[in-house]
Amino acid sequence: MITASIFSNEKDRLVIPPLSTFYNTVAQPMAWSVFRLAVGGMLVVEGWPKILAPFAQVGFVERLGFYPGWLWSPTLALLQVVGGLLIALGLFTRPAALANGVMLAVTLYFHSANPYGDAFLTQAGIDALKAGSEFFTPEALARLADGGHGFLHQVQSKAELASLFWTGGAFLYAAFGGGYLSLDRVLFKKQF
């Protein structure tokens with residue numbers, strides 16, 4: 001069992017000992033809070049359109065095996081928005097982060113198990129691009145000249161990496177809590 005804190009900045013263990021106080025009182029609390037705001041804020045931003053259309057993802061959640069979709073679609077929207085606000089504020093951080101971490105892990109699984117594919121356009125679409133249609137910008141012509149193969153693989157990679165990053169961030173707060181500058185610590189005088 002590990003007994004040393006990973007956030008310990010004992011002067012005798014630092015290359016530049018005078019930075020101990022700065023690390024303990026400014027750098028670590030600030031970094032922990034800023035990243036918590038980013039994780040929670042991202043969840044709110046991603047969940048807000050789902051709140052506005054709470055049943056828009058019924059088919060999607062049922063495809064993942066969550067039945068009934070009419071219940072899970074708005075539940076997940078609320079989980080993202082309310083859970084994201086709680087994480088950002090550092091209030092009930094661990095349970096909110098754990099619930100969102102599980103949801104984000106399912107999202108990561110979905111992106112990995114259901115890739116976008118190899119082609120965005122059919123051969124007729126590629127022919128239309130090559131014919132010089134006014135509907136395509138030069139950038140679109142360059143990105144889709146191979147039928148969208150490169151573009152789709154780039155989108156797939158970004159979806160997987162973003163899901164991995166945010167899942168890890170949520171689980172980090174589920175494990176360690178909201179930190180020094182959290183409402184958990186201010187209101188309850190301890191972490192949840």
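## Finding your way in

Helices here are DSSP runs of at least four residues, numbered from the N terminus. By that numbering, N100 belongs to helix α4. Please keep in mind that this is a predicted model.

## Helix α3

Helix α3 covers residues 69-89.

Which residues of α3 are buried? They are G69, S73, P74, L76, A77, Q80, V81, G83, G84, I87 and A88. The cover over these buried residues includes α1 (20-52), α2 (58-63) and α4.

## How α1 meets α3

Helices α1 and α3 have axes that come within 7 Å of each other and cross at roughly 155°. Angles over 145 degrees count as roughly antiparallel, which is why α1 is described as roughly antiparallel to α3. The crossing of α1 past α3 is left-handed.

On the α1 side, the contact is made by R36, L37, V39, G40, G41, L43, V44, E46, G47, W48, K50 and I51. On the α3 side, the partners are A77, L78, Q80, V81, G84, L85, I87, A88 and L89. Sorted by class, this contact has 13 nonpolar, five polar and three charged residues.

## How α3 meets α4

Helix α4 takes up residues 93-113. It packs with α3 at an angle of about 140°, and the two axes are 9 Å apart. That angle makes α3 oblique to α4. The crossing of this pair is left-handed.

If you want to pick out the contact in the structure, look in α3 for L76, L79, Q80, G83, G84, L86 and I87. These meet T93, A96, A97, A99, N100 and M103 in α4. The residues of this contact divide into eight nonpolar, five polar and no charged.

## Helix α4 and its residue N100

How many residues does α4 have, and how far does the helix reach? It has 21 residues and reaches 29 Å from its first C-alpha to its last, close to the 30 Å expected at 1.5 Å a residue. The buried residues of α4 are T93, A96, A97, N100, G101, M103, L104, L108, F110 and H111. Their cover includes α1, α2, α3, α7 and α8.

Is N100 buried or exposed? With a relative accessible area of 0%, N100 is buried. Leaving aside residues up to four places away in sequence, N100 touches L43, L79, Q80, G83, G84, I87 and A170. L43 also takes part in the contact of α1 with α3, while L79, Q80, G83, G84 and I87 are on the α3 side of the contact with α4.

## How α4 meets α7

Helix α7 runs over residues 149-176. The axes of α4 and α7 come within 8 Å and cross at roughly 160°; the two helices are therefore roughly antiparallel to each other. Their crossing is left-handed. Its contact residues divide into 15 nonpolar, nine polar and two charged.

## Stops in the loops

The loop between α2 and α3 holds P68. A cis peptide bond joins Y67 to P68, with omega at about -5°. After α3 comes G90, whose phi is positive, near 75°. F92, in the loop between α3 and α4, also has a positive phi, near 50°, in a residue other than glycine. At 33% relative accessibility, F92 counts as partly exposed.

G147 sits in the loop between α6 (138-144) and α7, and is buried, with a relative accessible area of 1%. Apart from residues up to four places away in sequence, G147 touches A119, F120, L121 and I126. G177 is found in the loop between α7 and α8 (183-188); at 2% relative accessibility, G177 counts as buried. From G177 to P95 there are 82 residues in sequence, and 9.1 Å in space from C-alpha to C-alpha.

Definitions and conventions
Residues are numbered from 1 along each chain as its sequence is written. This is a predicted model: local features need pLDDT of at least 70, side-chain atom pairs count only at pLDDT 80 or more; totals for chains, interfaces and linings use all residues. Side-chain values use heavy atoms; hydrogens and water are left out. Axes are lines fitted to C-alpha atoms, for helices over the stretch in contact, and angles run from 0 to 180 degrees between N-to-C directions. Angles under 35 degrees count as roughly parallel, over 145 as roughly antiparallel, 65 to 115 as roughly perpendicular and the rest as oblique. A crossing is left-handed if the near helix is turned anticlockwise from the far one by less than a right angle, and right-handed if clockwise. Contact means heavy atoms within 4.5 Å. Ala, Val, Leu, Ile, Met, Phe, Trp, Tyr, Cys and Pro count as nonpolar, Asp, Glu, Lys and Arg as charged, and the others, Gly among them, as polar. Buried means under 20% relative accessible area, exposed over 50%, partly exposed in between (1.4 Å probe, protein chains only). The expected span of a helix is 1.5 Å times one less than its number of residues.
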